[in-house]
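Open your viewer and get ready to select residues by number. We will take the stops one at a time.

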Amino acid sequence: QMGHVASRFDALGICSTCKPGASNAKAQRSPGAQKIAPAKIDWSGAKNEKWQFDAITGPGSFTYKTKPKINKRQGSISEGINRVKKNPQLYEGVHFQTEMKNWPVDQQSYDLILRSGSGYRFLAGQSPNFTFIQAKYFALTPYDEIRMTPDDYTDSMSYKGHKCGKPLHPGRGQGLCDVPHIQLIGDVHPEDIAQGHVGDCWLLCAMSALSEFHGAVQKLLQRTPYFKSLPANKPQ
């Protein structure tokens, strides 16, 4: 077992048996492994035609991972919507009471949800009391416009006897990597790992440790053609 692990590390250019004095034989740690500030999304390359603005209605409730930054404004709701459409890179969207849009302008108010990495998510529902105009970026063709060929495994996967939910498609407007610079491998960093609810910490720890060494993750895909240009607009 250990011999097999060592041989795999050696194949990736990471010395598993080097003595302390042989530091020149070891793979160099990636400069990104020393990163202390979270990565920022660069919206400068966003294309105007790839933005969509969807209206969602519900009872007004929402969820988030960290406290969102909300700019409460008095004034025309239409102006708030236009503000989001003109600067979608700054705002997740605009939230307002649905009927209030028909009130006198001096009685209207709305909330601008700033893009702060909070994970803000408006909850849709049968009640149309509140509306959220969401700014969504589609780096690739929307997921409902592509034809996927089912494989023999994905739809049959389960966890603790429960069938897994529908998979998300990165870059296709489902809230996963919906950014203009989406790529299969970019600035790999150990803290990019997000475990979620699945008990696979053993796997993610190995991936995090591997990502500390420059080029190691890329070498895992050296037999995958054109991996540096992925994801493509069509199904992968």
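Select helix 3, residues 201-210. This is a predicted model. Colour Trp 202 and Cys 205 in helix 3: both are exposed, on the face turned away from the helix's buried side.

Now look for that buried side. Which residues of helix 3 are buried? Pick Leu 204, Ser 208 and Leu 210. Buried here means under 20% relative accessible area. These three cover an arc of only 165 degrees around the axis, so they lie on the same side of helix 3. An α-helix has 3.6 residues a turn, so residues three or four places apart point the same way.

Show its five strands, in the order 1-7-4-5-3. The sheet is open, and the pairing is antiparallel. At the edges, find strand 1 (51-58) and strand 3 (70-74), each of which pairs on one side only. On average, neighbouring strands are turned by 20 degrees against each other, direction ignored.

Zoom in on strand 1 and strand 7 (residues 130-137). Eight bridges join this antiparallel pair. Strands of a sheet pair through backbone hydrogen bonds. Select Ala 55 and look across: Ile 133 in strand 7 stands opposite.

Last, select helix 2, residues 77-86, which packs on the sheet. Helix 2 touches strand 1, strand 3, strand 4 (91-97), strand 5 (109-114) and strand 7. Compare directions: helix 2 makes about 165 degrees with strand 4.

How values were computed:
Residues are numbered from 1 along each chain as its sequence is written. This is a predicted model: local features need pLDDT of at least 70, side-chain atom pairs count only at pLDDT 80 or more; totals for chains, interfaces and linings use all residues. Side-chain values use heavy atoms; hydrogens and water are left out. Two strands pair if DSSP finds at least two bridges between them. Helices (H or I, at least four residues) and strands (E, at least two) are DSSP runs, numbered from the N terminus. Axes are lines fitted to C-alpha atoms, for helices over the stretch in contact, and angles run from 0 to 180 degrees between N-to-C directions. Contact means heavy atoms within 4.5 Å. Buried means under 20% relative accessible area, exposed over 50%, partly exposed in between (1.4 Å probe, protein chains only). The arc is that of the directions from the helix axis to the C-beta atoms.
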